[in-house]
Amino acid sequence: MSVEQVQRRLVMLNKMGRVMTDSESITEMREKDLRLNIITQKELQGRATVKDLEAMILKDELDFLFVDQLSLMEDIHPGVYDTRTRYANISADLFTLSTKYSLPIILAVQSNREGANQKDAPKLENIADSDAVGQNATRVIGMRRETTITALNIDKNRYGDNVFLQKYDTDFAIGKFTPIATMEPVAQVSNVQSRRRSLGSNSF
(Lines give C-alpha, C1' and ligand atoms only; values in the text may rest on other atoms or scores of the structure.)
Protein backbone atom coordinates (compact mmCIF):
# COMPACT_ATOMS: atom_id res chain seq x y z
CA MET A 1 0.00 0.00 0.00
CA SER A 2 1.38 3.40 -0.97
CA VAL A 3 1.71 6.38 1.37
CA GLU A 4 -1.07 8.11 -0.57
CA GLN A 5 -3.43 5.16 -0.07
CA VAL A 6 -2.74 5.11 3.67
CA GLN A 7 -3.34 8.85 3.92
CA ARG A 8 -6.59 8.54 1.97
CA ARG A 9 -7.91 5.84 4.29
CA LEU A 10 -7.04 7.87 7.37
CA VAL A 11 -8.98 10.83 5.99
CA MET A 12 -11.96 8.56 5.30
CA LEU A 13 -11.82 6.98 8.77
CA ASN A 14 -11.73 10.42 10.39
CA LYS A 15 -14.88 11.34 8.42
CA MET A 16 -16.75 8.14 9.34
CA GLY A 17 -20.29 8.81 10.50
CA ARG A 18 -20.02 12.55 9.93
CA VAL A 19 -20.87 14.89 7.06
CA MET A 20 -17.67 16.69 6.12
CA THR A 21 -15.42 17.22 3.11
CA ASP A 22 -11.94 15.77 2.70
CA SER A 23 -10.47 19.24 3.26
CA GLU A 24 -12.39 19.63 6.53
CA SER A 25 -11.22 16.20 7.66
CA ILE A 26 -7.59 17.04 6.88
CA THR A 27 -7.87 20.39 8.69
CA GLU A 28 -9.33 18.70 11.76
CA MET A 29 -6.56 16.09 11.81
CA ARG A 30 -3.95 18.84 11.57
CA GLU A 31 -5.57 20.82 14.39
CA LYS A 32 -5.49 17.69 16.56
CA ASP A 33 -1.85 17.21 15.53
CA LEU A 34 -2.59 13.70 14.27
CA ARG A 35 0.51 12.54 12.45
CA LEU A 36 1.50 9.32 10.73
CA ASN A 37 5.10 8.34 10.10
CA ILE A 38 5.63 5.67 7.45
CA ILE A 39 9.10 4.17 7.27
CA THR A 40 9.89 1.68 4.50
CA GLN A 41 12.86 -0.53 3.72
CA LYS A 42 14.00 2.12 1.27
CA GLU A 43 14.40 4.73 4.01
CA LEU A 44 16.01 2.19 6.34
CA GLN A 45 18.25 0.87 3.56
CA GLY A 46 17.39 -2.67 4.56
CA ARG A 47 15.08 -4.66 6.79
CA ALA A 48 13.91 -3.06 10.02
CA THR A 49 15.19 -4.34 13.35
CA VAL A 50 13.67 -3.87 16.80
CA LYS A 51 16.48 -1.40 17.49
CA ASP A 52 15.36 0.66 14.49
CA LEU A 53 11.81 0.69 15.84
CA GLU A 54 12.99 1.71 19.31
CA ALA A 55 14.88 4.64 17.78
CA MET A 56 11.67 5.70 16.01
CA ILE A 57 9.70 5.52 19.26
CA LEU A 58 12.19 7.78 21.04
CA LYS A 59 12.69 10.21 18.16
CA ASP A 60 9.05 10.70 17.19
CA GLU A 61 7.39 10.07 20.57
CA LEU A 62 4.98 7.57 19.02
CA ASP A 63 1.55 6.82 20.48
CA PHE A 64 1.44 3.40 18.83
CA LEU A 65 3.44 1.35 16.35
CA PHE A 66 2.20 -0.77 13.45
CA VAL A 67 4.62 -3.25 11.90
CA ASP A 68 3.73 -4.55 8.43
CA GLN A 69 4.94 -7.25 8.55
CA LEU A 70 6.96 -9.77 10.58
CA SER A 71 8.57 -11.44 7.56
CA LEU A 72 10.13 -8.11 6.53
CA MET A 73 11.97 -7.65 9.85
CA GLU A 74 15.52 -8.67 10.71
CA ASP A 75 16.57 -10.41 13.92
CA ILE A 76 19.17 -8.62 16.05
CA HIS A 77 20.34 -11.82 17.74
CA PRO A 78 23.55 -13.25 16.22
CA GLY A 79 23.83 -16.71 14.75
CA VAL A 80 20.13 -17.16 13.91
CA TYR A 81 19.46 -18.65 10.50
CA ASP A 82 16.15 -20.53 10.67
CA THR A 83 12.88 -18.65 10.22
CA ARG A 84 11.13 -20.16 13.24
CA THR A 85 13.78 -18.94 15.70
CA ARG A 86 14.03 -15.55 13.99
CA TYR A 87 10.29 -14.95 14.30
CA ALA A 88 10.30 -16.08 17.92
CA ASN A 89 13.12 -13.67 18.79
CA ILE A 90 11.58 -10.71 16.97
CA SER A 91 8.12 -11.18 18.52
CA ALA A 92 9.63 -11.54 22.00
CA ASP A 93 11.69 -8.37 21.48
CA LEU A 94 8.61 -6.48 20.29
CA PHE A 95 6.72 -7.57 23.41
CA THR A 96 9.60 -6.29 25.55
CA LEU A 97 9.60 -3.02 23.60
CA SER A 98 5.86 -2.59 24.09
CA THR A 99 6.19 -3.18 27.83
CA LYS A 100 9.23 -0.92 28.20
CA TYR A 101 7.49 2.12 26.67
CA SER A 102 3.86 1.24 27.54
CA LEU A 103 3.24 1.45 23.81
CA PRO A 104 0.70 -0.60 21.82
CA ILE A 105 2.47 -2.48 19.03
CA ILE A 106 0.41 -4.12 16.28
CA LEU A 107 2.25 -6.77 14.29
CA ALA A 108 0.90 -8.12 10.99
CA VAL A 109 1.69 -11.80 10.45
CA GLN A 110 0.77 -14.13 7.61
CA SER A 111 -1.09 -17.40 8.16
CA ASN A 112 0.21 -20.69 6.87
CA ARG A 113 -1.41 -22.59 4.01
CA GLU A 114 -3.70 -24.53 6.34
CA GLY A 115 -5.01 -21.29 7.82
CA ALA A 116 -5.67 -19.79 4.41
CA ASN A 117 -7.62 -22.81 3.23
CA GLN A 118 -9.71 -23.63 6.26
CA LYS A 119 -13.36 -22.70 6.51
CA ASP A 120 -13.02 -20.62 9.66
CA ALA A 121 -10.48 -17.96 10.63
CA PRO A 122 -6.78 -18.67 10.96
CA LYS A 123 -6.05 -19.80 14.53
CA LEU A 124 -3.00 -19.49 16.75
CA GLU A 125 -1.56 -22.67 15.27
CA ASN A 126 -1.97 -21.23 11.78
CA ILE A 127 0.54 -18.41 12.29
CA ALA A 128 3.12 -19.00 9.59
CA ASP A 129 6.45 -20.54 10.57
CA SER A 130 6.33 -19.94 14.33
CA ASP A 131 3.91 -20.76 17.14
CA ALA A 132 6.05 -18.57 19.43
CA VAL A 133 4.57 -15.46 17.81
CA GLY A 134 1.14 -16.31 19.22
CA GLN A 135 2.63 -17.25 22.57
CA ASN A 136 4.40 -13.90 22.87
CA ALA A 137 1.40 -11.84 21.79
CA THR A 138 -1.02 -10.25 24.25
CA ARG A 139 -3.87 -10.58 21.77
CA VAL A 140 -4.21 -12.43 18.49
CA ILE A 141 -6.84 -11.26 16.00
CA GLY A 142 -7.36 -13.25 12.83
CA MET A 143 -8.70 -11.42 9.78
CA ARG A 144 -10.17 -12.62 6.52
CA ARG A 145 -11.61 -10.60 3.68
CA GLU A 146 -13.78 -12.07 0.93
CA THR A 147 -15.18 -9.60 -1.61
CA THR A 148 -16.72 -6.86 0.60
CA ILE A 149 -17.00 -8.97 3.76
CA THR A 150 -14.31 -8.58 6.40
CA ALA A 151 -14.34 -10.90 9.41
CA LEU A 152 -12.35 -10.43 12.62
CA ASN A 153 -11.75 -13.16 15.17
CA ILE A 154 -10.16 -12.73 18.59
CA ASP A 155 -8.44 -16.09 19.11
CA LYS A 156 -6.34 -15.02 22.10
CA ASN A 157 -6.88 -12.27 24.64
CA ARG A 158 -4.67 -12.30 27.70
CA TYR A 159 -6.86 -9.75 29.49
CA GLY A 160 -10.37 -10.69 28.41
CA ASP A 161 -12.68 -13.17 26.70
CA ASN A 162 -11.47 -15.29 23.80
CA VAL A 163 -13.20 -16.48 20.62
CA PHE A 164 -15.21 -13.46 19.59
CA LEU A 165 -16.29 -13.01 15.98
CA GLN A 166 -17.37 -9.87 14.18
CA LYS A 167 -18.20 -9.51 10.48
CA TYR A 168 -18.38 -6.24 8.56
CA ASP A 169 -19.66 -5.14 5.20
CA THR A 170 -16.60 -3.13 4.20
CA ASP A 171 -15.98 -0.32 1.76
CA PHE A 172 -12.30 0.55 2.04
CA ALA A 173 -12.62 3.30 -0.55
CA ILE A 174 -14.60 5.46 1.89
CA GLY A 175 -13.49 3.82 5.14
CA LYS A 176 -16.92 2.42 6.02
CA PHE A 177 -17.38 -0.69 8.18
CA THR A 178 -20.95 -1.85 8.80
CA PRO A 179 -21.39 -4.69 11.34
CA ILE A 180 -23.42 -7.53 9.85
CA ALA A 181 -22.90 -10.42 12.29
CA THR A 182 -21.46 -11.02 15.74
CA MET A 183 -20.61 -13.94 17.96
CA GLU A 184 -20.52 -13.86 21.75
CA PRO A 185 -17.36 -14.95 23.63
CA VAL A 186 -17.17 -18.73 23.93
CA ALA A 187 -17.65 -18.63 27.71
CA GLN A 188 -21.09 -17.10 27.22
CA VAL A 189 -22.55 -19.51 24.66
CA SER A 190 -23.61 -23.11 25.05
CA ASN A 191 -22.93 -24.32 21.51
CA VAL A 192 -20.04 -22.51 19.84
CA GLN A 193 -19.98 -24.61 16.71
CA SER A 194 -23.66 -24.11 15.91
CA ARG A 195 -23.37 -20.35 16.47
CA ARG A 196 -20.30 -20.29 14.25
CA ARG A 197 -22.10 -22.12 11.46
CA SER A 198 -24.94 -19.62 11.63
CA LEU A 199 -22.57 -16.91 10.38
CA GLY A 200 -22.12 -18.67 7.05
CA SER A 201 -19.21 -20.06 5.10
CA ASN A 202 -17.29 -16.76 5.03
CA SER A 203 -17.06 -16.52 8.82
CA PHE A 204 -13.99 -17.34 10.86
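This is a predicted model: local features need pLDDT of at least 70, side-chain atom pairs count only at pLDDT 80 or more; totals for chains, interfaces and linings use all residues.

Reader: Fine. How many helices and strands in the chain?

Author: Eight helices and six strands, taken as DSSP runs numbered from the N terminus (helices H or I, at least four residues; strands E, at least two). From the N terminus on, the order is α-α-α-α-β-α-β-α-α-β-β-β-β-α.

Reader: And what share of the residues is buried?

Author: Of the 204 residues, 35% count as buried; that means under 20% relative accessible area, with exposed being over 50% and partly exposed in between (1.4 Å probe, protein chains only).

Reader: OK, zooming in. At what angle do α1 and α2 cross?

Author: Roughly 90 degrees, for α1 (residues 3–15) and α2 (residues 22–31), and their axes come within 9 Å. Axes here are lines fitted to C-alpha atoms, for helices over the stretch in contact, with angles from 0 to 180 degrees between N-to-C directions. So α1 is roughly perpendicular to α2, a label for 65 to 115 degrees (under 35 is roughly parallel, over 145 roughly antiparallel, the rest oblique).

Reader: Which residues meet there?

Author: On α1 they are Arg8, Leu10, Val11, Met12, Asn14 and Lys15, and on α2 Asp22, Ser25, Ile26, Glu28 and Met29. Contact means heavy atoms within 4.5 Å.

Reader: Which residues of α2 are buried?

Author: Ser25, Glu28 and Met29. They sit on the same side of α2, because they cover an arc of only 100 degrees around the axis, the arc being that of the directions from the helix axis to the C-beta atoms. These buried residues pack against α1. On the other side of α2, Ser23, Arg30 and Glu31 are exposed.

Reader: What about the loop between α1 and α2?

Author: Methionine 20 lies in that loop. Methionine 20 is buried, with a relative accessible area of 16%.

Reader: What does methionine 20 touch?

Author: Leaving aside residues up to four places away in sequence, methionine 20 touches Asn14, Lys15, Ser25 and Glu28.

Reader: And what follows α2?

Author: Aspartate 33, with a positive phi near 60 degrees.

Notes
Residues are numbered from 1 along each chain as its sequence is written. Side-chain values use heavy atoms; hydrogens and water are left out.
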